[in-house]
Every structure is written in structure tokens, then in C-alpha cells.
Amino acid sequence: MKIGEIAKRAGVSASRIRFYEEQGILPPAPRGANGHRDYPESLIATLGFIEQAQRLGFSLKEIAGHATLEGKVCDALPQKLRAKLAEVDAHIAAAQARRAELVALIATLEPDEEKAAA
């Protein structure tokens, strides 16, 4: 499949696919007899994986080496996903602690309705 067709079907630009190849996120596609790159249909799923991983907070450097043109992922990926989940959980816990502090601070700064009525 040519790059334009695979890009359209995956919902990304052809330049993004080339960028991923240049950055080592994807290995270069094999070239056909005519010299054109020939992308397998499985690349659609791989591109979806890359896009999803970015949305989940993985950097391209973290994604590199985990996806192939054949749509396979490396064996270490579940462990990396668990580590990212732990990071997200830590961020949530920190945000909840900040929220509790804000609520407490607001409570100390707002006039007490009962005192004002007395």
C-alpha cells in the first residue's frame, strides 16, 4: 500500500508517517520493485497504537521500538504500561491532595455564616 493510502486509512498525514520513520518510531517500509515504499495494511493498527500511546502520555522516545510495521508490540510493553499507570495514579493522588488543601484554605478564608449572624 502506498503512503498516501495508508495515511488516509489510518487518519494521519503522510508526513507524520515519514516523521515516525525518520525518528525511529517505525522501521523504514520495504521498497517495491518500482522503488516506492510498500506499507502493509497492519501499519494502520500500528499507527493507531502510536496515536493512542501519545494520548496516554507516552513520549515518542518511549514509544520507539515498541511497534513494528507488522503491527506487533514488544514483550516489555505491559510492564511499561503498568509504570505509566503508576505515574498517572501518582498525579491523581497529588491533585487530590492539592484539592483538599484548597478546600481547607477556602474554609479558613471565608467568613463563617454563623458568626456573621450573631
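The charged end of Lys-84 sits over the ring of Phe-58. The distance to the ring centre is 4.9 Å. Keep in mind that this is a predicted model.

Now step back to the whole chain. It has 6 helices and 0 strands. Read from the N terminus, the elements run α-α-α-α-α-α. The chain holds 118 residues, and buried ones make up 23% of them. Next, take the contacts between residues at least 6 apart in sequence. Of these, 53% join residues at least 24 apart.

Two of the helices deserve a look. Helix α2 covers residues 14–22, and helix α3 covers residues 43–55. Their axes come within 12 Å and cross at roughly 80°. Angles of 65 to 115 degrees count as roughly perpendicular, so α2 is roughly perpendicular to α3. Which residues make the contact? From α2 come Arg-16, Ile-17 and Tyr-20. From α3 come Leu-47, Ile-50, Glu-51 and Gln-54. By type, the residues of this contact divide into 4 nonpolar, 1 polar and 2 charged.

Phe-19 has a value of 35%, so Phe-19 is partly exposed. The cut-off explains both labels: buried means under 20%, exposed means over 50%, and partly exposed lies in between.

How values were computed
Residues are numbered from 1 along each chain as its sequence is written. This is a predicted model: local features need pLDDT of at least 70, side-chain atom pairs count only at pLDDT 80 or more; totals for chains, interfaces and linings use all residues. Side-chain values use heavy atoms; hydrogens and water are left out. Axes are lines fitted to C-alpha atoms, for helices over the stretch in contact, and angles run from 0 to 180 degrees between N-to-C directions. Helices (H or I, at least four residues) and strands (E, at least two) are DSSP runs, numbered from the N terminus. Angles under 35 degrees count as roughly parallel, over 145 as roughly antiparallel, 65 to 115 as roughly perpendicular and the rest as oblique. Contact means heavy atoms within 4.5 Å. Ala, Val, Leu, Ile, Met, Phe, Trp, Tyr, Cys and Pro count as nonpolar, Asp, Glu, Lys and Arg as charged, and the others, Gly among them, as polar. Buried means under 20% relative accessible area, exposed over 50%, partly exposed in between (1.4 Å probe, protein chains only). A charge sits over a ring if NZ of Lys or CZ of Arg is within 6 Å of the ring centre and within 35 degrees of the ring normal.
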